[in-house]
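Here's a quick briefing to read alongside the model. Have a look at the fold first, then go through the points below.

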Amino acid sequence: MSRTVLVTGGNRGIGLTIARSFAENGDKVAITHRSGEAPEGLFGVRCDVRDPEAARRAVNEVEAQYGPVGVLVANAGITRDALAPTMREEDFEDVIGTNLVGSFRMARLVSRSMISAKWGRIVFISSIMGFLGSPGQSNYAASKSGMLGLTRSLAWELGSRNITVNMVTPGLIETEMIQAVTDKRRAQLLSQTPLRRTGTPQEVADVVTFLAGDGAAYVTGAALPVGGGIGMGQ
Ligand code: NDP
């Protein structure tokens, strides 16, 4: 059955790879993009997830095009790194507002039609840094660990309607986001990674499509690491 899938921040990086993977599976895939054009072959709606009105409009546009959203991948995320004593409060709030509030906002918007349909899949893209903590990333780590409470609360709220809510916690994945990571920090993180390499966006996408698929119908409230073993047992 072809489902309507919405991937936020699906114009590049991990989000784009996730979107293409769902499309290859035969799903109807929509992505949100903040600027520029939608990637070739994907239906795109312009949306800054920090803007409640834009988020509502985006979901309405997707539903008008493809019908109610059955699968949401809340992927849009940013970093604004600085050590806490020098971090500007607006950078803390911006990261929480995008990564955590933005994810909640999109989940809330799509959950209504999932409840009516008595079926749905929500996958949040968190980060292992939410569990390990990370110097210079108090805002980012707080936003990503906050997603655990969000995931598990929604899993409780929506479970009786056959809606699963899970999150993945990627380690170091090769995208533009990690271009700013210093060689020293990269080596440090890889020394804590049993597989001793960075991951690819496809390796994250494969786990996300699994969580949204029939094979994961009995999985909810899970935090699934995709990090080559970094932070195992967190
Ligand atoms: P990128 O920086 O490559 O992509 C981030 C995406 O999020 C872009 O599409 C960007 O849109 C979008 N985005 C950012 N802010 C907003 C906003 N306010 N509204 C709408 N869209 C927004 O990062 P990755 O692909 O690496 O990261 C994707 C997710 O995976 C993020 O949540 C990140 O935290 C998480 N992650 C990444 C890891 C990594 O090592 N790469 C590790 C662990 C987690 P635009 O193009 O307009 O900027």
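**Strand β4 and its surroundings**

Strand β4 is joined to strand β5 (residues 120–125) by four bridges, and the two run parallel. Strands count as paired here if DSSP finds at least two bridges between them. Helices (H or I, at least four residues) and strands (E, at least two) are DSSP runs, numbered from the N terminus. Keep in mind that this is a predicted model: local features need pLDDT of at least 70, side-chain atom pairs count only at pLDDT 80 or more, and totals for chains, interfaces and linings use all residues. Residues are numbered from 1 along each chain as its sequence is written.

**Strand pairing**
- Leu6 sits opposite Leu72 of β4.

**Burial and crossover**
- β4 (residues 71–74) is covered on both faces, with Val71 and Val73 buried on one side and Leu72 and Ala74 buried on the other; buried means 20 or more other C-beta atoms within 10 Å of a residue's own, with C-beta atoms placed from the backbone.
- Together with helix α3 (residues 89–117) and β5, β4 makes a right-handed β-α-β unit: with the strands pointing away from the viewer, the path from the first strand over the helix to the second runs clockwise.

**Around the ligand**
- The ligand is surrounded by 30 residues, and the closest are Gly9, Gly13, Arg34, Gly77 and Thr175.
- α1 (13–24), β2 (28–33) and α3 each give two or more residues to this shell.
- α1 provides the largest share, three residues.

Methods
A residue is buried if 20 or more other C-beta atoms lie within 10 Å of its own, exposed if 12 or fewer, and partly exposed in between; C-beta atoms are placed from the backbone. A residue is near a molecule or strand if its C-beta atom, placed from the backbone, lies within 6 Å of it.
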